[in-house]
Amino acid sequence: MSDPLLEGTVVENHGAHFAVLVDGRTVRCLLRGKLKKDKRRSVAPVAAGDRVKIAMLEPDRGVIEHVLPRGSGLSRRAAGGAPLRQTLVANIDQAIIVFSAAEPRPDLFMLDRFIVAAVASGLERVICINKCDLVDGEPLRARLAIYRQCGYRLLYTSAVGGEGLEDVKQVLKDRRSVICGPSGVGKSSLVNAVAPGLALRISEVGNVTHKGRHTTSSISLLELPFGGWVADTPGLRQLEFWDVSPEKVAAAFPDLQPYLSGCKYSNCTHGDEPGCALRAAVKGGEVDDRRMRSYLQMAGC
Ligand SMILES: Nc1nc2c(ncn2[C@@H]2O[C@H](COP(=O)(O)OP(=O)(O)OP(=O)(O)O)[C@@H](O)[C@H]2O)c(=O)[nH]1
Ligand SMILES: [Mg+2]
Ligand SMILES: [Zn+2]
């Protein structure tokens, strides 16, 4: 007997509601009750990007019966008391981490957190600094040079002025990407600029000084007209880690790595112990002080 269930991809997740793309058509779905119970330390068992099997109820409505095994995704610890995993997007290759040159000003400690989350999730990462039309970029480029030295791909863009958009297209082409970063940096604007047909909602407020307003409220996975898929996500004010060990944090700091095992004491906390190779490297100008502080915050030293 043939399988009465249809296989598809979750392309949108809005609370308990999902949109599943099956053979080119979108089916609105809820979850079968048994899946809700099987939470396995997750706030939700299904995320955008998941491959699922659904049973049809009506021509455009169905119910998700099974979730197929997942590849890499972007997860964080869900807000709230209990330690639960929240997978923002599943089955993706890379994270495009967007910050803005201004409005809001880039918080490099937060940028480092996004990089760690992406590295720990096994994703390729590209840093994208948007709104370059708003500032003289030279001082910022100098501050960010360390990321190039670390081997990260770094793009400078303007969703309104057009700078760097060809690079963004090239990075997105034929890959499955998640666009993430703080609110108001222009994530949706960038996606719209490279793929105008998608028409994502963007903030109508030109000057992003408002706090706590998110224009994008759900996660949607969109097919790009030039090949590939991209998930636009709501801006994250906080990024609490899920399953990130000190070793994984260190993996995101190639500039610090040569010094981390050179301390006199193998359990060095890189505080004021004698013989700390990391502190010595900062003092000697080989390691950036801010990067060290960022590492220490995240590695829980
Ligand atoms: N000057 C300038 N403004 C931009 C640029 N990109 C986006 N904006 C503006 O910044 C504001 C926020 O843009 P959005 O695309 O909604 O930002 P977002 O990152 O998707 O925000 P959330 O969905 O809330 O996470 C809007 O007013 C955009 O017009 C840019 O490159 N330059
Ligand atoms: Mg948005
Ligand atoms: Zn040390």
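Contact here means heavy atoms within 4.5 Å. In that sense Ile115 touches Ile97, Ile127, Tyr147, Tyr152 and Ala252, not counting residues up to four places away in sequence. The model is a predicted one, in which local features need pLDDT of at least 70 and side-chain atom pairs count only at pLDDT 80 or more, while totals for chains, interfaces and linings use all residues. Residues are numbered from 1 along each chain as its sequence is written, chains are lettered from A and ligands numbered from 1 in the order in which they are written, and side-chain values use heavy atoms, with hydrogens and water left out.

Ile115 and Ile97 are among the residues with the most contacts inside the largest nonpolar core, which has 60 residues; such a core is a set of buried Ala, Val, Leu, Ile, Met, Phe, Trp, Tyr and Cys residues joined through side-chain atoms within 4.5 Å. Helix α2 (residues 108-120) gives the most to this core, with nine residues, helices being DSSP runs of H or I with at least four residues and strands runs of E with at least two, numbered from the N terminus. A second, separate core of 20 residues includes Leu165, Val171, Leu190 and Val194.

Leu165 and Val171 also belong to the buried residues of helix α4 (residues 165-172), together with Val168 and Leu172; buried means under 20% relative accessible area, exposed over 50% and partly exposed in between, with a 1.4 Å probe and protein chains only. These residues lie on the same side of α4, because they cover an arc of only 120 degrees around the axis, taken from the directions from the helix axis to the C-beta atoms. The face turned away from the buried side carries the exposed residues Glu166 and Gln170.

The zinc ion (ligand 3) is coordinated by Cys263 (SG), Cys268 (SG), His270 (ND1) and Cys276 (SG), at 2.1 to 2.4 Å, donors being N, O and S atoms within 2.8 Å of the metal (3.2 Å for Na, K and Ca). Along the chain these donors follow the spacing C-x4-C-x1-H-x5-C.

Across the whole structure, 14 salt bridges are found, each a side-chain nitrogen of Lys or Arg within 4 Å of a carboxyl oxygen of Asp or Glu. Three of them are tabulated below.

| Pair | Closest N to O |
|---|---|
| Asp50 and Arg70 | 2.7 Å |

Asp50 is buried, with a relative accessible area of 0%, whereas Arg70 is partly exposed at 34%.
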